[in-house]
Amino acid sequence: MDGQTIQTTIYVGLNDAETGVQKFDTAKYVSILKNVCYNFGVAFSVHRIEGGYFHENGTYVEETTLALLLMDTPEDKVIEIAKDLCAFFHQESVMVTSSPCSVVFVKEDVWDKE
């Protein structure tokens, strides 16, 4: 095992906070997300998720969500990124989770052919 790290995920829904519908193609949102990560200087992975949830009033909503996965990113930077994405994607809120995880880097063995 190479060591412990903190894995943080920012979940950003794509339905507009006011209209309740997705305004742009998912690829446009991914492009914005990539630019935000580039500008903050963080390495990332992004996953597209399809899901549903209930509003407090009981209304059921299905929505495409982007999950932005960050490793060992300082908490203050994570919060800045989350706030920017919340604003850019016009969301009421975004969800941030974090947990410790083990990281192992695996490399292919190189065989000496001499």
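Trainee: Of the 114 residues of the protein chain, how many percent count as buried?

Mentor: Keep in mind that this is a predicted model. In the protein chain, 32% of the 114 residues count as buried. The exposed surface comes to about 8200 Å², and carbon and sulfur atoms supply 52% of that area.

Trainee: What radius of gyration does the protein chain have, against that of a compact globule of 114 residues?

Mentor: A compact globule of 114 residues would be near 13 Å, whereas the protein chain has 17 Å.

Trainee: Which pattern does the protein chain follow along the sequence?

Mentor: The pattern reads β-α-β-β-α-β, made up of two helices and four strands. For contacts, take the pairs of residues at least 6 apart in sequence; 68% of these contacts join residues at least 24 apart.

Trainee: Where is the place of Glu-56?

Mentor: Glu-56 sits in the loop that runs between strand 2 (45–54) and strand 3 (60–71). Its relative accessible area is 88%, so Glu-56 is exposed, the cut-off being over 50%. Ser-31 is 25 residues from Glu-56 along the chain, and their C-alpha atoms are separated by 31 Å.

Trainee: How many positive and how many negative side chains does the protein chain have?

Mentor: There are 8 positive and 18 negative side chains, and the centres of the two sets lie 7 Å apart.

Trainee: How many salt bridges does the count come to?

Mentor: The general idea is that side chains of opposite charge can pair when their charged atoms come close. The cut-off used here is a side-chain nitrogen of Lys or Arg within 4 Å of a carboxyl oxygen of Asp or Glu. By this rule the count is two salt bridges.

Trainee: Which residue forms a salt bridge with Lys-23?

Mentor: The partner is Asp-16, with 3.7 Å between the closest N and O atoms. Now compare accessibility across the pair. Lys-23 is exposed, at a relative accessible area of 52%, while Asp-16 is buried, at 6%.

Trainee: Which side chain does Arg-48 meet in a salt bridge?

Mentor: Arg-48 meets the side chain of Glu-50, at 2.9 Å from N to O. Arg-48 has a relative accessible area of 54% and is therefore exposed.

Notes: Residues are numbered from 1 along each chain as its sequence is written. This is a predicted model: local features need pLDDT of at least 70, side-chain atom pairs count only at pLDDT 80 or more; totals for chains, interfaces and linings use all residues. Side-chain values use heavy atoms; hydrogens and water are left out. The radius of gyration is taken over C-alpha atoms; the globule rule is 2.2 Å times the number of residues to the power 0.38. Buried means under 20% relative accessible area, exposed over 50%, partly exposed in between (1.4 Å probe, protein chains only). Contact means heavy atoms within 4.5 Å. Accessible areas come from the Shrake-Rupley method with a 1.4 Å probe; for residues, only the protein chains shown count as cover. Lys and Arg count as positive and Asp and Glu as negative; His and the chain ends are not counted. The place of a charge is taken as NZ of Lys, CZ of Arg, CG of Asp or CD of Glu.
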